[in-house]
Amino acid sequence: MSSRADTFSSPPQDKQKSWFERLLTTIYLRPWLMLVLLLILPLGWMLFIYLGSLATLLVNSFYHLDDFTGLVDRSRLTLATYASLFTPANLDIVLRTASMALAVTLACALLAFPLSYYIARFASPRWRGFLYLAVLLPLWSSYLVRVYAWKLILAKEGILTWFINQIGLAGVLEAWLRIPTVGGSSLSVSPTGMFIVFVYVWLPYMVLPIIAALERVPKSLQEASSDLGARPLLTFRHILLPLALPGIVAGSIFTFSLTLGDFIIPLTLGNSKFFIGQAVLSHVGTSGNLPLAAAFTMVPIVIMVLYLLVARRMGAFEAM
Amino acid sequence: MTRQKTSQNSEKAPRLLTATAIAVLLFLHIPVIIILLYAFTTDESAYTFPPPGLTTRWWAVAWGRQDFWQALGLSLRVALVATSVALVLGTLAAAAVSRTRFFGRESISFLLILPIALPGIVTGIALRAAIGAGNIPFSFWTIVIGHATFCVVVVYNNVLARFRRTGHSLIEASMDLGAHGWQTFRFIVLPAISTALLAGGMLAFALSFDEVIVTTFTAGQQSTLPIWIFSQLTRPRDRPVTNVVAMIVIAITFIPIILAHRLTSEQSE
């Protein structure tokens, strides 16, 4: 503490400021210069590296892979690659991914709401901090490991099948797995398994914005509603839900976007039916068709931009 | 009785709500506990439950694996360097945005958040396209650049929130009292934002340490720890070792997150 005080009360130093200190003061006294110096690195990085890369990606999507030579034709820009997105096989991939994203988003909202409501309204301050951390931990950490955990859980010889056998529902599971669009040879290679894992990994992204939205709902509003004779369900439908909606929409931005762009879960738990992420990965990797991969990437971007426009109108950005 | 309850303002949650909330919390956390169990199973070739027996053998096996240590080393180095870059860039951007109003100020936040708002695959393949277009060989630095790009926003958000709360008057007072620019930075600005830096840095570290989607496109043949795990996911060869490694990754990412949470919640109290 005393050394700190000394630094400030040592006038002799003032006379012999080093060039460095004088430079700092000069900068401080010129706001525009300060601003330029502060921004040049971060803005330069984001513009040059990030936006530059995105631009390169966009340009690539207008190239075309020559079917005969197997090489990318960079001599001219064409829409041919985009056109090949509209083949039935590729449309199928887009549709499959989007419906999974939708289903996952709905399930996340359903599961997140009770937990968020409990945390926002009923938990004591001490508990609140703890519960908040319990949601934050899975959000920030070990996404891949948590997917891996489900590989263990969903395996044919794993805990979930074991549990289902224990409660005597093995027949139900088998019947479910035989349904073509949701089933598979076991839970660990089925759309149902993917759905569960998607919901699991993105759930925290839905919980946090809903908590934020619900915290802003004044308690008196609910009390007034029930004092006026509304049953809990009616209060939920007309008071709580509309006020929580911006939070739900904000959360859905994450769950939707993350599902659209993921390839880890489809590769780990999916079958031969591709998702957008897998398609992109395989076009980059084995077939070397970067233009098609780039065009494919534009699909989630376009979907998300449209989604964000709608979300903004619903006030989702204030709830983030 | 009822009157007392309402005046205390501490109503009980409906039972069904409490039960659902607990069930959802269990859903969020049980899978990680299951990994803990499998890190000790004697089962080598399957994921049998209940485990046929328990052993600590696989920890020793993992300890002796060169590929594990190399991947861990690479991941730690990448996370450290990417976090450092993110700390510098994020703090600079936060200082600029909090201090002055200028044209395009809103779009800076938007630009910084874009790498995590867009699906990870977009950032990944965009960087890959740029790497390809520039004929840049894959290296440690291509991974770092990718990670730093999406880590900046984490530091930025934390530091910006702190700058907004501390205000600018202390800095002005310091300069008015004759402190030099460097002294002001060292004794006023830095202490004020230190915990925000620490929290942001730790979150950035956790984010980078287990990132896999962007890394897939920027690593080339190199193997970070997540990439190593991912290769085991799609083609399992060493199941028991993977279980142990999974446990280690969880431990390494949990600690900084808990610390960051502590740091930020102490501040707000």
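Chain A gives 87 residues and chain B gives 90 residues to the contact between them, contact being heavy atoms within 4.5 Å. The model is predicted: local features need pLDDT of at least 70, side-chain atom pairs count only at pLDDT 80 or more, and totals for chains, interfaces and linings use all residues. Residues are numbered from 1 along each chain as its sequence is written, chains are lettered from A in the order in which they are written, and side-chain values use heavy atoms, with hydrogens and water left out.

The two chains bury about 8300 Å² between them, and carbon and sulfur atoms give 81% of this area. Buried area is the accessible area (1.4 Å probe) that two parts lose on being put together, summed over both. Y50(A), W140(A) and Y148(A) supply 10% of what chain A buries against chain B, more than any other three residues. Helix α4 (residues 31-60) of chain A provides the largest share of the side that touches chain B, 19 residues; helices here are DSSP runs (H or I, at least four residues), numbered from the N terminus.

By class, that side of chain A has 62 nonpolar, 15 polar and ten charged residues. Ala, Val, Leu, Ile, Met, Phe, Trp, Tyr, Cys and Pro count as nonpolar, Asp, Glu, Lys and Arg as charged, and the others, Gly among them, as polar.

Across the interface the rule finds zero salt bridges, a salt bridge being a side-chain nitrogen of Lys or Arg within 4 Å of a carboxyl oxygen of Asp or Glu. The whole structure has five of them over all chains. In one, the side chains of E215(A) and R128(A) meet at 2.4 Å, N to O. This pair links distant parts of the chain, with E215(A) in helix α11 (residues 191-215) and R128(A) in helix α7 (residues 125-140), 87 residues apart.

A cavity is a set of points on a 1 Å grid over the protein atoms alone where a 1.4 Å probe fits but cannot get out; lining residues have an atom within 4 Å of a point. The largest cavity has a volume of about 60 Å³, a volume being the space filled by probe spheres set on the points, which are joined across faces, edges and corners. Its lining includes F163(B), T166(B) and G167(B). α9(B) gives the most to this lining, with four residues.

Terms used:
Helix = DSSP H or I, 4+ residues; strand = E, 2+ residues; numbered from the N terminus. 1 Å grid on protein atoms, 1.4 Å probe; cavity = no way out; pocket = protein on both sides within 12 Å on 5 of 7 lines; lining within 4 Å.
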